[in-house]
Every structure is written in structure tokens, then in C-alpha cells.
Amino acid sequence: MVEWCLPQDIDLEGVEFKSMASGSHKIQSDFIYFRKGLCFGLACFANMPVESELERGARMKSVGILSPSYTLLYRYMHFLENQVRHQLEMPGHYSHLEAFYDDKKGVLPDSKGTPGSQQPVHWLPSIHRYMYPEMKFIKFFGEQILVLWKFALLRKRILIFSPPPVGVVCYRVYCCCCLANVSLPGLGGTVPESKPFFYVNVADIEMLETEVSYVACTTEKIFEQKRDLYDVYVDNQNVKTHHEHLQPLLKINNADKEKYRRLNDQRQMLMYSQEVGEDCSSCEEDLFILFFMEQNNRIFQTLMEVSASQDKTLTADHARGMGLDPQGDRSFLMDLLEVYGIDVMLVIDNPCCT
């Protein structure tokens with residue numbers, strides 16, 4: 001139940017299920033990003049044992065905030081962590097939360113407004129650098145990061161399953177969206193919106209049924225059976241799709257292996273420079289976001305140049321120049337041209353079978 005909120009007249013239907021992930025009773029603390037209407041939320045959860053039959057031996061609470069944009073929510077995580085601990089130890093004392101609201105309050109967009117997700121995806125400068133060292137996206141997914149990259153760039157519906165804690169999984173949602181960043185001028189109008197939904201549960205099924213593109217995470221295994229809700233299902237490091245035409249994208253090709261080798265080399269260099277104290281400002285997050293943005297820019301720059309040329313012909317040399325495998329990435333390229341509405345003719349033949 002929602003025991004307290006400001007302002008009091010805001011519609012918070014279902015927010016109690018978003019701010020406390022299913023299965024959270026098994027863990028001591030967590031944080032969770034979620035989406036509520038046109039707003040984004042961040043909540044911190046904590047679980048404290050108590051000697052009370054009424055509370056069945058445990059007191060569990062979440063303290064959260066809503067904002068039109070998710071990019072700055074991480075700044076208040078420390079405050080929320082302190083406040084949820086305060087609420088567990090001294091229930092019903094809301095003066096710190098009232099003061100916080102009076103200091104930070106703003107006007108939330110109405111239902112006709114533009115959701116904050118339509119802003120460019122920016123990275124969260126310190127969400128894991130100081131607090132969550134286990135959030136190593138590249139190391140966790142390994143070469144599978146290239147599979148996720150292709151699905152993200154094609155704006156597929158990506159659902160990530162994991163048992164609690166869910167905070168680190170919300171971070172993976174954010175990272176998946178970052179894989180599809182493009183900074184080329186003039187491309188914006190043709191790019192479908194990348195939507196981070198963060199944590200979702202069964203109460204969100206109706207909403208997800210209407211979405212054509214999103215990245216989200218859940219702790220509820222039942223979602224795996226609801227195949228009409230997603231294109232790509234990620235269970236730990238296992239990335240899978242039930243769509244036959246997307247199956248070729250699950251295979252790691254030589255160009256993928258080369259990209260991963262370069263990415264890993266850059267990561268090792270960064271780790272070394274941090275160890276010897278030369279570079280304390282950069283983090284792995286900045287590194288992979290820039291790596292994929294440059295990769296994406298190179299692809300779209302080439303595609304736009306070819307589409308503006310007289311014969312509009314995309315060759316195997318073009319594919320190699322974009323860092324793609326002419327054969328292994330053929331179906332990916334064809335899907336990319338369709339999704340982004342780019343008018344070029346692909347003249348990369350399928351390999352002959354004898």
C-alpha cells in the first residue's frame with residue numbers, strides 16, 4: 001500500500017507494485033527504476049526483521065520519487081536509501097521527505113505532454129562508479145553484447161529477466177538503450193524512439209501490449225510464456241528470440257568477434273590506467289557508450305551517403321567498411337534498412353550452397 005505521498009492529489013495507482021519488486025522479501029535492500037505514465041521513478045527498498053506478529057517478522061518499505069526524466073534521478077539515491085532506513089526505524093515521520101519535496105518539486109507533464117524518454121539517452125555519470133562496482137555490463141554479457149547491440153539498434157522489444165535484486169538489472173536496461181545511441185545530425189526524424197521502461201510486472205501487461213519498441217526488466221518468470229509481449233528475452237547471459245527471421249542475429253560472426261576484441265582491448269587499457277592512477281575520471285560506462293555510438297555513426301553515415309548516391313548500391317565493401325560481416329550481417333542490414341526507412345539496394349549475395 002502507499003502510506004504517504006506528496007502531492008496528495010497525484011494518481012499513483014499501481015506504483016506500490018513498481019517500487020517494490022516481486023520477490024523483494026528475499027533480500028535486505030535494493031533500488032529500482034520504473035516508469036509510471038509519462039514519468040520515471042526511482043525507489044530504494046529495505047527489509048528489516050521485527051518482532052511483530054502483525055508484520056509477520058519483517059518490515060519492508062520503499063521510498064521513491066517521480067520525475068519527467070530519469071537521467072538525474074541517481075543524484076537522490078543516497079537520500080532515498082537513508083530515508084527508507086529512517087522509515088523502517090521510525091515509521092510515520094515524514095518531515096525530511098516533506099522538506100525534500102518542497103525543495104525539489106516541479107510540475108509534472110499532463111497526459112498530453114511529451115514523455116522524458118524522448119530526450120536523447122544520456123549516461124548516468126556516477127550511478128555505479130562509486131556505489132555499485134558489480135555493474136560491469138561488458139564483462140557480464142561478453143560477446144553477447146554484440147547480439148544485444150543489433151536488437152537495440154533495430155528497436156526490438158527487449159525483456160530482461162532476473163530474480164531480485166533488480167537494481168543492477170535496471171542498469172542493464174539503461175545500458176541496452178545506450179547501445180543504440182546515434183549522434184548524426186539529420187537522422188533523428190527517422191529513428192524510432194528508444195524507450196527504457198526499466199522494471200515491469202504483470203500489472204504492466206496491458207501497457208506493453210501496445211508498445212512496438214522498449215527495453216524492460218522483470219523478476220516475474222511468467223513473462224517468458226507471454227511471447228506476444230516481447231521480441232527478445234534475456235535470462236542472465238542467455239539472449240534468445242522466438243521469431244524465426246531474427247534467429248540469424250543470435251549468431252556471433254567474425255566481425256562481431258573483432259568488435260568485441262577491440263572493445264575488450266579498450267576496456268583493459270582503461271583498467272590499467274585506473275590501476276596506475278593515470279585516469280580516475282573515465283569509467284567503463286563512458287567507454288562502451290562512446291564505442292557503440294561511433295560504430296552506429298559509421299554505419300548510418302555510410303548508409304546515408306549510399307542512399308544519396310546515384311545508383312544507391314550497397315556492396316560487400318561498404319559492409320566491411322561499416323565494421324559488419326557481408327554475409328553474417330546480411331539479414332541485420334536488411335532489417336536495419338527497413339526499420340530506418342533508408343532507400344538503398346543491397347547487392348550482397350547469399351553464399352552459394354553446393
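Predicted model: local features only at pLDDT ≥ 70, side-chain atom pairs only at ≥ 80, totals over all residues.
Let me start in the loop between strand 7 and strand 8 (238–241), which is where Asn-236 is found. Asn-236 is not a glycine, and yet its phi is positive, at about 55°. With a relative accessibility of 39%, this residue counts as partly exposed.

While we are on the backbone, let me mention the cis peptide bonds. One joins Leu-6 and Pro-7, with omega at about -10°, and Pro-7 sits in the segment before helix 1 (15–18). Another cis peptide bond joins Pro-164 and Pro-165, where omega is about 5°, and Pro-165 belongs to the loop between strand 4 and helix 6.

Now back to strand 7, which covers residues 232–235 and includes Asp-235. Is Asp-235 buried or exposed? Its relative accessibility is 18%, and because the cut-off for buried is under 20%, Asp-235 counts as buried. If we leave aside the neighbours within four places in sequence, Asp-235 is in contact with Phe-161 and Lys-221. With Lys-221 there is a polar contact from side chain to side chain, at 2.8 Å. I would also point out Pro-163, which is 72 residues from Asp-235 in sequence but 9.7 Å from it in space, C-alpha to C-alpha.

Asp-329 has a relative accessible area of 0%, so it is buried. Which side chain does the side chain of Asp-329 meet in a polar contact? The partner is Lys-150, and the distance is 2.6 Å. Beyond the neighbours within four places in sequence, the contacts of Asp-329 are Lys-150, Asn-253, Ala-255 and Leu-324.

Let me turn to the strands, and to strand 6 (residues 214–218) in particular. Five of its five residues are buried, so strand 6 is largely enclosed by the rest of the structure. Both of its faces are covered, with Tyr-214, Ala-216 and Thr-218 buried on one side and Val-215 and Cys-217 buried on the other. Strand 4 (residues 157–161) runs parallel to strand 6 and is joined to it by five bridges, and within that pairing Ile-158 has Val-215 as its bridge partner. Strand 5 (residues 196–199) also runs parallel to strand 6, with three bridges joining the two, and here Phe-198 stands opposite Ala-216.

In soluble globular proteins, nonpolar side chains tend to be buried together. In this model the largest nonpolar core has 90 residues, and those with the most contacts inside it are Ile-145, Phe-288 and Leu-303. The element that gives the most to this core is helix 6 (residues 167–178), with 10 residues. A second, separate core has 12 residues, including Leu-159, Ala-216, Leu-229 and Tyr-233. Returning to Ile-145, and leaving aside its neighbours within four places in sequence, we find it in contact with Phe-137, Ile-138, Leu-179, Tyr-260, Leu-263 and Phe-292.

The axes of helix 2 (residues 77–89) and helix 3 (residues 95–104) come within 10 Å and cross at roughly 150°. That crossing makes helix 2 roughly antiparallel to helix 3. On the helix 2 side the residues that meet are Phe-79, Gln-83, His-86 and Gln-87, and on the helix 3 side they are His-96, Leu-97 and Phe-100.

Let me finish with the chain as a whole. The protein chain contains 11 helices and 10 strands, and 50% of its 354 residues count as buried. Among contacts in the chain with a separation of 6 or more, 67% are accounted for by residues 24 or more positions apart.

Definitions and conventions. Residues numbered from 1 in each chain as written. Heavy atoms only, no water. Helix = DSSP H or I, 4+ residues; strand = E, 2+ residues; numbered from the N terminus. Buried < 20%, exposed > 50% of the residue type's maximum accessible area, 1.4 Å probe, protein only. Contact = heavy atoms within 4.5 Å. Polar contact = N/O pair within 3.5 Å; in protein donor to acceptor, adjacent residues only side chain to side chain. Pairing = 2+ DSSP bridges. Core = buried A, V, L, I, M, F, W, Y, C linked by side-chain atoms within 4.5 Å. Axes fitted to C-alpha atoms, helices over the stretch in contact; angles between N-to-C directions. Parallel < 35°, antiparallel > 145°, perpendicular 65-115°, else oblique.
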